[in-house]
Amino acid sequence: MSQSLWQRLFNHRQQTKQAVLILGSGRSGTSVMTKCVNLMGISLGTDNLLAPSKRINPKGYFENKDVINIHKSLGSRIRYRPAFKGYYDSPKIKKDRAALTTYLRNFFENEQYLAIKDPRMNDYIELWQRVLADVEVQPAEIVLLRNPMDVVNSNERAWHRDTTLAMR
């Protein structure tokens, strides 16, 4: 019988290291889910988190700036989203893959669980899955789904965008 995510994450007899990858579009609830997972005792990997925005996300984004920097570097090399097929083995991103590998190896030397949330991860999930396998960490993905029109309405309110731009 398969175990639920929560059983796998909090089975203290289990010694498997796990990374909880929180995926979803902006304004879909990823920030609140990340904070909930964090309140259950799972580290966000750093205290160096993206600062809250008083107007848009006053309670916080709970995004790891170290991971954001790796993702931004990836984006500058790949140049478009989603990434091209096989990008995770491309020489173009060798430096970024090494940076992600180093970050994860260093983190998991002393920790068993990590939660990561960054909207760019949706585009780089294949890289994350491969790097986690390389460092022998089990991924557990949480995908948040919200009614698309509710996401659009939230986007319009948060970013003061017109409907057409919010729908993109």
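**Asn-64 and its surroundings**

Modeller: Start with Asn-64. Neighbours within four places in sequence aside, Asn-64 is in contact with Leu-44, Gly-45, Thr-46, Asn-48, Leu-49, Tyr-103, Ile-116 and Lys-117. Bear in mind that this is a predicted model.

Colleague: Noted. Where does Asn-64 lie?

Modeller: In the loop between α2 and α3.

Colleague: Is Asn-64 buried or exposed?

Modeller: Buried. Its relative accessibility is 3%, and the cut-off for buried is under 20%.

Colleague: What does the side chain of Asn-64 make a polar contact with?

Modeller: The side chain of Tyr-103, at 2.7 Å. A polar atom of the Asn-64 side chain also lies 2.8 Å from the backbone nitrogen of Asp-66.

Colleague: And Ser-53, where is that found?

Modeller: Also in the loop between α2 (30-39) and α3 (65-78). Ser-53 has a relative accessible area of 19%, so it counts as buried. The cut-off is under 20%.

Colleague: Let's zoom out. How many helices and strands are there in the chain?

Modeller: Seven helices and three strands. From the N terminus, the order is α-β-α-α-α-β-α-β-α-α.

Colleague: What about the overall dimensions?

Modeller: The C-alpha trace spans about 50 × 40 × 35 Å along its principal axes. The radius of gyration is 16 Å. A compact globule of 168 residues would have one near 15 Å, so the two agree.

Colleague: What share of the residues is buried?

Modeller: 43% of the 168 residues. The chain exposes about 9,900 Å², and carbon and sulfur atoms supply 51% of that.

Colleague: How many of the contacts join residues at least 24 apart?

Modeller: 71%, counting contacts between residues at least 6 apart in sequence.

Colleague: Now the largest nonpolar core. Which residues touch the most other members?

Modeller: Leu-21, Tyr-87, Leu-104, Leu-127 and Trp-128, out of 27 residues in that core. The elements that give two or more residues to this core are β1 (18-23), α3, α4 (94-108), β2 (113-117) and α5 (125-134). Apart from it lies another core of 10 residues, among them Val-20, Ile-42, Leu-44 and Ala-115.

Colleague: And what is Tyr-87 in contact with?

Modeller: Ile-78, Ile-93, Asp-123, Tyr-124, Ile-125, Glu-126 and Leu-127, leaving aside neighbours within four places in sequence.

Colleague: Change of topic: helix α6. What span should its 12 residues have?

Modeller: 16 Å, at 1.5 Å a residue. The end C-alpha atoms of α6 (residues 148-159) are 16 Å apart, so that agrees.

Colleague: What caps the N-terminal end of α6?

Modeller: Asn-147. One of its side-chain oxygens lies 2.8 Å from the backbone nitrogen of Met-149.

Colleague: Which residues in α6 are buried?

Modeller: Val-151, Val-152, Ser-154, Asn-155, Glu-156 and Ala-158. The buried residues of α6 pack against α7 (163-167).

Colleague: What follows α6?

Modeller: His-160, with a positive phi near 55°. His-160 is not a glycine. It sits in the loop between α6 and α7. At 60% relative accessible area, His-160 is exposed.

Colleague: And phi of Glu-136, what is that near?

Modeller: Near 60°, a positive value in a residue other than glycine. Glu-136 lies in the loop between α5 and β3.

Colleague: Is Glu-136 buried or exposed?

Modeller: Exposed, with a relative accessible area of 68%. The cut-off for exposed is over 50%.

Conventions:
Residues numbered from 1 in each chain as written. Predicted model: local features only at pLDDT ≥ 70, side-chain atom pairs only at ≥ 80, totals over all residues. Heavy atoms only, no water. Helix = DSSP H or I, 4+ residues; strand = E, 2+ residues; numbered from the N terminus. Buried < 20%, exposed > 50% of the residue type's maximum accessible area, 1.4 Å probe, protein only. Core = buried A, V, L, I, M, F, W, Y, C linked by side-chain atoms within 4.5 Å. Contact = heavy atoms within 4.5 Å. Polar contact = N/O pair within 3.5 Å; in protein donor to acceptor, adjacent residues only side chain to side chain. Expected span 1.5 Å × (residues − 1). Rg over C-alpha atoms; globule rule 2.2 N^0.38 Å. Areas by Shrake-Rupley, 256 points an atom, 1.4 Å probe, with all protein chains shown as cover.
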